[in-house]
Amino acid sequence: MEERIRKIYIPMTETGFYILFCLRREQHGYGISRQVKKMTGGEVVISPGTMYGTLSKMEKDGLISFVREEEKRKIYCATDLGRQILDIEIRRIERLYQNTHPDRESISISV
Amino acid sequence: MAKSRKTEIKIFTIADYEEEETWLREQHRQGWKLVNTNLPVFYHFVKCEPEDVVYRLDYKNSGEDRNYMQMFQDYGWEYFNSCMGWLYFRKPVSEMDSDMDEEIFSDGESKLDMLEHVLKTRMLPLAAAFLCCLIPGWLRLLGELDGDILAEPLFVIMSLLVFLYVILFIHCGRKFVRLRRKYRK
């Protein structure tokens, strides 16, 4: 992995993380936003300007790729590089969690 | 009969978009809905039912595409006007289910991105024109002056322009610094 990409995306912002996490499956911007809202009980809101900008940047950096267009909506999916970064981030967050909850061994991530 | 249309003259610089949003929201609350703008100076309104509607401006000088427009529409934002790279959106408060819904940028980073885009594509060309054309032209005229300044209309006009430019730069510069600090928090 390029040093530049590592520098930008690790560690990741909450917005970036959730977008990439949702893009393990094909999805469009507004779909991601709804999914994140649901997952976080409305705590994490990603506005359209931020969503559009983040998706464009991630596409340019090769973390996600454009799959197809559906009714004027661009559908994206995470690339191998994107999944690699997501894995690194998930491990980092798991470590954070384990170190702050020493009595619990692991967590499960549910969607 | 009461007026059904009006045009307001108001000047917002490239650093005053937040003030512009607030002003447009206030107008709508008083029953005036913005239709379009000619330059960011002439604002054409039509009479409407007073309502609390949030206005937001995005800056995209490179041209927005249909995917971008569709995304804003999905989020419930009505696009209705563009003016010199600025895109105008609005959404009624009654259609929002949280405070965050009234933003088009949910983090400081994307607000900063927009600010930097404005600086690069609007402020820089202005500064370049000022330093490379206006100032040398003005200095040349200054050198050719003899006697009565007011007898040289071109010099008076140029001086006025230089003065306006300086005021504009100071105003925008201070605003940009303040906005940047706010978004970085």
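Predicted model: local features only at pLDDT ≥ 70, side-chain atom pairs only at ≥ 80, totals over all residues.
User: What confidence does the predictor give the complex and chain B?

Analyst: The complex has an ipTM of 0.87 and a pTM of 0.89. For chain B the average pLDDT is 91, and 97% of the residues score at least 70.

User: Let's start with chain A. What is its secondary structure?

Analyst: Chain A has five helices and three strands. Along the sequence they are arranged as α-α-β-α-α-β-β-α.

User: Why is chain A called as compact as a globular protein of its length?

Analyst: The globule rule gives 13 Å for 111 residues, and the radius of gyration of chain A is 14 Å, which is close to that value, so chain A is as compact as a globular protein of that length. Along the principal axes, its C-alpha atoms fill a box of roughly 50 × 35 × 20 Å. Of its 111 residues, 31% are buried. Among the contacts in chain A with a separation of 6 or more, 48% are between residues 24 or more positions apart.

User: What is phi for A:Glu71 and for A:Lys72?

Analyst: Phi is near 45° for A:Glu71, a positive value in a residue other than glycine. For A:Lys72 phi is near 65°, again positive in a residue other than glycine.

User: How do you know how exposed A:Arg24 is?

Analyst: By counting its neighbours: A:Arg24 has 13 C-beta neighbours inside 10 Å, so A:Arg24 counts as partly exposed. You can find A:Arg24 in the loop between α2 (14-22) and β1 (27-28) of chain A. Its C-alpha atom is 17 Å from that of A:Thr13, eleven residues away along the chain.

User: Which peptide bond in chain A is cis?

Analyst: The bond from A:Ile10 to A:Pro11 is cis, with omega near -5°. A:Pro11 sits in the loop between α1 (3-9) and α2 of chain A.

User: Now the two chains together. How many residues does each chain bring to the contact?

Analyst: Chain A brings 17 residues and chain B brings 19. On the chain B side, α2 and α3 (108-144) of chain B each give two or more residues. Helix α2(B) has the largest share of that side, with seven residues. By class, the side of chain B that touches chain A has eight nonpolar, five polar and six charged residues.

User: How is the packing of α4(A) and α2(B) described?

Analyst: Two packed helices are described by the angle between their axes and the distance between the axes. Here, helix α4 (residues 48-60) of chain A and helix α2 (residues 66-74) of chain B pack at about 145°, with their axes 9 Å apart. Their crossing is right-handed. On α4(A) the contact is made by A:Pro48, A:Met51 and A:Tyr52, and on α2(B) by B:Tyr68, B:Met71 and B:Phe72.

User: What makes that contact nonpolar by class?

Analyst: Pro, Met, Tyr and Phe are among the residues that count as nonpolar. The contact of α4(A) with α2(B) has six nonpolar, no polar and no charged residues.

User: Which residues of α2(B) are buried, and what do they pack against?

Analyst: B:Tyr68, B:Gln70, B:Met71 and B:Phe72 are buried in α2(B). The buried residues of this helix pack against α3 (29-39), α4 and β3 (73-78) of chain A, along with β5 (78-83) and β6 (86-92) of chain B. After α2(B) comes B:Gly76, with a positive phi near 90°.

User: Lastly, is B:Ile157 buried or exposed, and how do you know?

Analyst: B:Ile157 has 11 C-beta neighbours inside 10 Å, so B:Ile157 counts as exposed. This residue lies in helix α4 (residues 153-184) of chain B. B:Leu168 is eleven residues from B:Ile157 in sequence and 16 Å away in space, C-alpha to C-alpha.

Terms used
Residues numbered from 1 in each chain as written. Chains lettered and ligands numbered in written order. Axes fitted to C-alpha atoms, helices over the stretch in contact; angles between N-to-C directions. Helix = DSSP H or I, 4+ residues; strand = E, 2+ residues; numbered from the N terminus. Left-handed = near helix turned anticlockwise from the far one by under 90°. Contact = placed C-beta atoms within 7 Å. Rg over C-alpha atoms; globule rule 2.2 N^0.38 Å. Buried ≥ 20, exposed ≤ 12 C-beta atoms within 10 Å, placed from the backbone. pLDDT = per-residue confidence, 0-100.
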